[in-house]
Amino acid sequence: MKSYYITTPIYYVNDVPHIGHAYTTIAADVAARLKRLAGYDVFFLTGTDEHGIKNLRTAEEHGVAPQAWVDRVSGEFRRLWEVLHISHDDFIRTTEPRHKQVAAQIFQRLYDQGDIYLGTYEGWYCTACETFYTESEFAEGRTCPVHAGRPLEWLAEESYLFRLSKYQDWLLRHIEQSEAAAAADGSAPPAIAPLSQRNEVVAFIKSGLRDIAVSRSTFTWGVPVPFDPRHVIYVWIDALTNYISALGYPDGERFQRFWPADVHLVGREIVRFHAVIWPIILHAAGIEVPQQTFAHGWLTFGGQRFSKSLGVVIDPAALSREIAAESGADPDVAVDALRYFLLREIPFGADGDFNKPALIHRFNADLANDYGNLLNRTLALVNRHFGGQVPARGSEEGGDALLRQTAAQVAGSVEPFIDRLDFRAALDEIWKILSAANKYLDEEAPWRSLREGKPERAGAILYNTLEAVRVASILLSPWLVTATARAWEQLGIPAPLATQRLSDAARWRGLPAGGRVRPGTPIFPRIERPAAAAPGRSGG
Ligand code: MSP
């Protein structure tokens, strides 16, 4: 069985999660669920990044001991992931002993082989990023290029440094080789995607890598440097090792099974840490490097990136509750709508503005109408004219073949889009089935066959339409976790949706005839009232 290992960044616990964190985590979840559907042995990791000055300062501001603070906020992340139906296989926290031990071990190894040395480091630092910036990177007035307007702090302290510069040529070669392999074989991933991010990273490497500070000596909230307890490991070096500590590096069974990672999914502001520093550390330590870092764009609100540090925040759980209240949908179905919307509306990789009217439009047009209503009206006809039993398949005629071919073609084409993390194209593809099925039902018009005294043909048309809903439901299940399970119940199929694979979607006429359908209330009731302003926006 082939394995698939996908990760999200581990999030800082300086404050509760917001929709920006949910965006990455939902994307990773959809990819993980789709690869499970495709039959892969999947490991999906997320977690929290709990050390460093940023978390420490927030705990102090709240008058809480740092461990108590990070326990609390890390719990908020886990709770939100439950609400959003995130199916991670593990949740790693950098304050756990299993992690600290690996971070220290890697650090020791790099020191023993001479890649880490004692010096002093001075520079301009953004605490929100936990990063030094050089003059060429400053935004106006020596402010942070990521956190608009935030002043940088001058830091100068004794620090261990890592010989990043030594590995510059290796890294460029590695990136090029991965790209040559990808060009030769479409299924091999380039080391950095999308191309815009790749170009930015390569230009940065070519401008010359400088050795970086990898320890701090002015506070103690971190993993102690094993050979010099006056220092703690720099929070980014500590954090990056989560991707292997969670697998039980070096001897764990999971490490053998899942490393190297298939993809580290990150926001574009942290692509350099993942695509420059992390592979170099791994390579220096003699560990295989991940297949790919994929840096997606920023979710913005009125053009401003969602960010606690910038004071622009939406709570995805509150937003889902609001959608549920406005539509009358089940709260879990409202979560599905949010999962769907975020990955349908914005091309993954580009920046995109969050807009609630657009969400409502998609809820009504795509989910309530194209998917939900297709199921409702077909089941209503089955109920009325066939006693609630899935009619017989009949022989193929009229538009039947086209619908079958569309479904088969789509079922076979979704996975490659997910391999490229092109969620939008994957959904567009799946929508071909729903559009074809809606058109089919209208054009084949089973009510006409009934009037003409051809009930078998009417039954066959309804059968094929339900069959298209079955196939679409399997394919949509990574996005619409609850709604597809409801649709499945309404179709009355004995085998649970959770047991289905992509191969079941690819098999036309898999719906058992004669089964009893169970029409219920609409899964996605239309939202009739005009959209209110987006919730939870604080400050600006
Ligand atoms: N702790 C580091 C990551 C360490 S990984 C070894 C960190 N944490 S963070 O809490 O700031 O999370 C940043 C990540 O959250 C982004 O890279 C992205 O995945 C996600 N996002 C946070 N806000 C976002 C948007 N407004 N838009 C898109 N993604 C967002 O950086």
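Six strands form an open sheet in the order β3-β2-β1-β12-β13-β7, with parallel pairing. Strands here are DSSP runs of E with at least two residues, helices are runs of H or I with at least four residues, and both are numbered from the N terminus. Two strands count as paired if DSSP finds at least two bridges between them. The model is predicted, so local features need pLDDT of at least 70 and side-chain atom pairs count only at pLDDT 80 or more, while totals for chains, interfaces and linings use all residues. Residues are numbered from 1 along each chain as its sequence is written, and side-chain values use heavy atoms, with hydrogens and water left out.

- Strands β1 (residues 3-12) and β2 (residues 41-49) run parallel and are joined by eight bridges.
- Thr7 has Leu45, in β2, as its bridge partner.

**Salt bridges**

- The whole structure holds 40 salt bridges, each defined as a side-chain nitrogen of Lys or Arg within 4 Å of a carboxyl oxygen of Asp or Glu.
- One of them joins the side chains of Lys35 and Glu415, at 2.7 Å from N to O. Lys35 belongs to helix α1 (residues 19-37) and Glu415 to helix α15 (residues 414-419), so this pair links distant parts of the chain, 380 residues apart.
- Lys35 and Glu415 are both buried; buried means under 20% relative accessible area, exposed over 50%, and partly exposed in between, with a 1.4 Å probe and protein chains only.
- The side chains of Glu179 and Arg198 also meet in a salt bridge, at 2.7 Å from N to O. Glu179 lies in helix α5 and Arg198 in helix α6 (residues 195-206), so the pair ties together parts 19 residues apart in sequence.
- Arg198 counts as buried because its relative accessibility is 17%.
- Glu96 and Arg98 form a salt bridge of 3.1 Å, N to O. Glu96 is partly exposed, with a relative accessible area of 22%, and Arg98 is partly exposed, at 27%.
- A network of salt bridges links Asp90, Glu96, Arg98 and Arg254.

**Cavities**

- The count is two cavities of 30 Å³ or more. A cavity is a set of points, on a 1 Å grid over the protein atoms alone, where a 1.4 Å probe fits but cannot get out; lining residues have an atom within 4 Å of a point. Grid points are joined across faces, edges and corners, and a volume is the space filled by probe spheres set on the points.
- The largest cavity holds about 90 Å³ of space. It is lined by 13 residues, of which His174, Ala191, Pro279, Pro290 and Thr293 are the closest to its centre. Helices α5 (168-184) and α10 (271-284) are the elements that give two or more residues to this lining.
- The lining of the largest cavity has eight nonpolar, five polar and no charged residues. In these classes, Ala, Val, Leu, Ile, Met, Phe, Trp, Tyr, Cys and Pro are nonpolar, Asp, Glu, Lys and Arg are charged, and the others, Gly among them, are polar.
- The second largest cavity holds about 30 Å³ of space. Its lining consists of Tyr121, Phe132, Glu157, Ser159, Ala213, Ser215 and Arg216, with β6 (153-162) and β9 (215-216) each supplying at least two residues.
- By class, the lining of the second largest cavity has three nonpolar, two polar and two charged residues.

Key
On a 1 Å grid over the protein atoms alone, a cavity is a set of points where a 1.4 Å probe fits but cannot get out, and a pocket is an open set with protein on both sides within 12 Å along at least five of seven lines; lining residues have an atom within 4 Å of a point.
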